[in-house]
Amino acid sequence: MADAATEKQGSSLTLVLMVASAAFGGTLQYGYNLAIMNAPTTFIQAFINETFQERWDLHLQEYQVTLVWTIIVSIFSLGGLAGALIAGPMTIRFGRKKCLLLNNIFLLSGALLALTSRAARSFEMIIVSRVLVGINAGVSMNVQPMYFGESAPKHLRGAVSLSSAVFTSFGVVLGQVVGLREILGSEPCWQYLLASNAIPGIIQLLTLPWFPESPRYLLIDRGDKEACLKALRRLRGCEVQTSELAEMQEEQAETLGVRPRRPWELFQDPSVRWQLISVMVVSSAMQLCGNDSIYFYASYVFKEAGISEDKIQYITIGTGSCEFTACIMCNLLIERKGRKFMLMGGFILMTLWAIVFTVALSFEHVISWMPYLSMACIFTYILSFGMGPAGVTGVLPTEIFNQTARPAAYMVAGSMMWINLFIVGMIFPFLVSGLSQYCFVPFGAICLLSALYVGLILPETKGKSLSAITREFNKLNFKDHKKNTTADANSQPQLVTASTRF
């Protein structure tokens, strides 16, 4: 009994350490690189202006500096899109673990460019750096959940998969802390702040090689049963259960000779039409709700809320802490309340806080305590996001698509997420300056529409098999076909009756 307990504890520790190693250099980078761009905003904008003056003796106007700055910030999203598109082929060729390790090439190259950009007097190097860091984040956001889902035991698969969102929000908090003026957020140190993302990558390079590759990849993709068994023994800390291996072998037999689906093939397949629409809607709404733009442009938002500049850097840490706390709560509640409840509830609450925030901004010059209500609305907005969309969105493709369609579904979902993050990142500063106190009205409208879609269309997936979920979606996918079939069936007795009368 003691040996069994030791083995079980050892297996849990191995899995926890593997998750920490992969996520610390993986999805943590997404949140970290969102957050670190806020602190050096004014310093990099001044650097851009100085560069133009030195090269071309040209003094940029404020809107021109803002445009270059938004390109630097938002180009991260285009890099993420490229990373999402190459993640699938990379995992097939190199495997899940090796893909995460190779992915650090993009990260370290980007960090080196950011570090030397100031000495080289080149803001273009910062732009290229952000593209490379975005590619790293795009690959991690797709590969890491796949690696976790294929390595964790069945009873821990949901919690382990959701840890990706927890580490993303932790990355936001970490980036905000490192970005404090007392650490690296000062004018002399902004280039070191931009390059500090190399440290989690180096930690991953030093630790992840000690952990095994995904057992499912080893068996199903490479056909190496011995390597699969060895990986399972290390991850479980005991002999492999016959039922778990049998499940993998059954999946191997089902996919034998069947190649993975291409993203464009999903658009042509009516049997997954509403699954694809649902993933696209929810992934787009995750960015169009404006939550991640708060991290990009927290200074703009809090200035609009009437908060003094010397307090903004400390308040932004609270925003990341809210999402981190909410993601942990979502991890604890999702198996009790269900995906649909958490997702729809999050969007409804975000709609409510967007309305209150708009009212607070409208009366901030009339009532003295309104700026504090505005600040509270931002916190509750982020908290609602973490409780719903942040935690649930990444789980959906796994639960509503089968094995052959899942990689393509993740590519589509990742593409929608990064494209919309780029769009919102580009227009957000202009929304704040153009709409002023009404800047969150568009986001509130998107949250309301998303809540309606989830409530009316998306089925609950908690505790259901893939076949049961597919049957629910087929009611929508083949709705017209069923109507035609019913009409034909109803007309048939009439024809028979007429013939008997004659």
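**Cores and helix contacts**

Me: Which residues touch the most other members of the largest nonpolar core?

Reply: Y30, L266, L343, Y381, F401 and W418, in a core of 70 residues. A nonpolar core is a set of buried Ala, Val, Leu, Ile, Met, Phe, Trp, Tyr and Cys residues joined through side-chain atoms within 4.5 Å; buried means under 20% relative accessible area, exposed over 50%, with a 1.4 Å probe and protein chains only. This is a predicted model, where local features need pLDDT of at least 70, side-chain atom pairs count only at pLDDT 80 or more, and totals for chains, interfaces and linings use all residues. Residues are numbered from 1 along each chain, and side-chain values use heavy atoms, leaving out hydrogens and water.

Me: What gives that core its largest share?

Reply: α23, with 11 residues. Helices are DSSP runs of H or I, at least four residues, numbered from the N terminus.

Me: Where do α7 and α23 meet?

Reply: A137, G138, M141, N142 and P145 in α7 meet Y410, M411, G414, M417 and W418 in α23, contact being heavy atoms within 4.5 Å.

Me: How many charged residues in there?

Reply: None; the contact has 7 nonpolar and 3 polar residues. Asp, Glu, Lys and Arg count as charged, Ala, Val, Leu, Ile, Met, Phe, Trp, Tyr, Cys and Pro as nonpolar, and the others, Gly among them, as polar.

Me: Switching to α10. Which residues are buried?

Reply: A198, P200, G201 and Q204, in a helix spanning residues 198-207. They line one face, because they fall within an arc of 165° seen down the axis, taken from the directions from the helix axis to the C-beta atoms.

Me: And what is exposed on the face turned away?

Reply: I199 and L206.

Definitions and conventions:
Helix = DSSP H or I, 4+ residues; strand = E, 2+ residues; numbered from the N terminus.
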